[in-house]
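Open the model in your viewer and get ready to select residues. Follow the stops in order.

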Amino acid sequence: MSARKIIIDTDPGQDDAVAILLALASPEELDLLGITCVAGNVPLELTGKNARIVCEAAGRTDVPVFAGSKAPLSRHLITAEHVHGQTGLDGPELWEPQMPLAEGHGVDFIIETLRAHDPGTITLCTLGPLTNIAAAFNTAPDIIERVQEIVMMGGAYFEVGNITPAAEFNIYVDPEAAEIVFRSGAPITVMPLDVTHKVLATKPRVEAIRDLDTRVGHFTAEMLDFFERFDVEKYGSEGGPLHDPCVIAWLLKPELFSGRNVNVEIETASDLTLGMTVADWWGVTDRKPNALFIGDADADGLFNLLTERLARL
């Protein structure tokens with residue numbers, strides 16, 4: 001089988017960076033056509049810089065990195081330096097990337113790439129707010145039916161919220177964009193907090209990555225050393241949740257995950273629950289399912305996959 005064509009839309013973020021590394025380490029299965037950056041964890045200038053740093057760390061400067069939307073569709077940007085540090089990639093010693101940003105806007109790249117390839121052959125992997133994807137769908141609605149699948153990290157049901165009591169960060173930053181995507185009719189698989197909070201970067205798992213004793217191994221371990229401190233203190237867990245790599249792991253080994261097809265609606269009006277992903281997990285409405293909502297994962301299997309793949313870089 002040929003490698004699955006993907007575009008990663010991202011706002012790196014340490015966990016975004018690990019997801020990108022996992023994709024770059026899996027070229028037999030995943031053909032990464034490009035990375036589009038969006039404002040989210042940190043402003044756009046930094047997310048574009050961080051994505052290029054990650055590509056350089058992996059020795060993959062052939063992958064184009066595009067700057068996309070610098071703000072949500074209709075709201076002021078909310079960022080998460082309190083989690084990711086001022087750079088977004090606090091932990092390892094960073095450098096000024098030598099590879100340039102690709103020419104053009106990330107939204108245009110998404111549109112042009114979907115139009116240039118056969119329908120149903122490109123998967124959109126979204127690791128941050130959904131602004132770029134919604135903007136592309138609004139600008140060029142003809143591309144929606146050309147999408148093979150959207151696999152996203154975002155939302156929550158049982159775990160409710162991590163930025164407000166009711167909302168997960170990626171959805172909360174641009175709920176209008178999320179509403180557009182969930183109502184688009186494109187096939188969607190969701191990695192919510194319900195599953196990512198079960199995938200913990202515990203000390204033994206991080207040490208296994210560090211013990212690879214490679215540039216990427218040390219880079220990843222140092223990111224995770226920093227990243228976990230916030231969630232360990234917040235949740236009292238044995239390690240920080242590794243959110244975004246679940247998206248890439250799903251494409252590589254879907255058997256590591258389980259979930260159910262449900263209807264997901266996005267709250268855009270309430271001050272109290274803005275950005276909430278209202279998932280009809282129990283099927284109590286007559287709303288048609290529009291997403292595969294993942295609820296569980298084999299965390300050991302996922303970290304074994306991640307460690308094995310990072311060893312290739």
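**Stop 1: helix α1**

Select α1 and look at its cover: 11 of its 11 residues are buried. Buried means under 20% relative accessible area, with exposed over 50% and partly exposed in between (1.4 Å probe, protein chains only). Helices here are DSSP runs (H or I, at least four residues), numbered from the N terminus. Among the buried residues of α1 are Q14, D15 and D16.

A note on the model: it is predicted, so local features need pLDDT of at least 70 and side-chain atom pairs pLDDT 80 or more, while totals for chains, interfaces and linings use all residues. Residues are numbered from 1 along each chain as its sequence is written, and side-chain values use heavy atoms, without hydrogens and water.

**Stop 2: the core**

Now select I8, I35, I248 and F257. These have the most contacts inside the largest nonpolar core, which has 61 residues. Helix α1 (residues 14–24) gives the largest share of this core, eight residues. Such a core is a set of buried Ala, Val, Leu, Ile, Met, Phe, Trp, Tyr and Cys residues joined through side-chain atoms within 4.5 Å.

Which residues does I248 touch? Leaving out residues up to four places away in sequence, I248 touches I8, A19, L22, A23, L30 and C125. Contact means heavy atoms within 4.5 Å.

**Stop 3: α1 meets α12**

Where do the two helices meet? V18, L21 and L22 in α1 contact L305, L306, R309 and L310 in α12.
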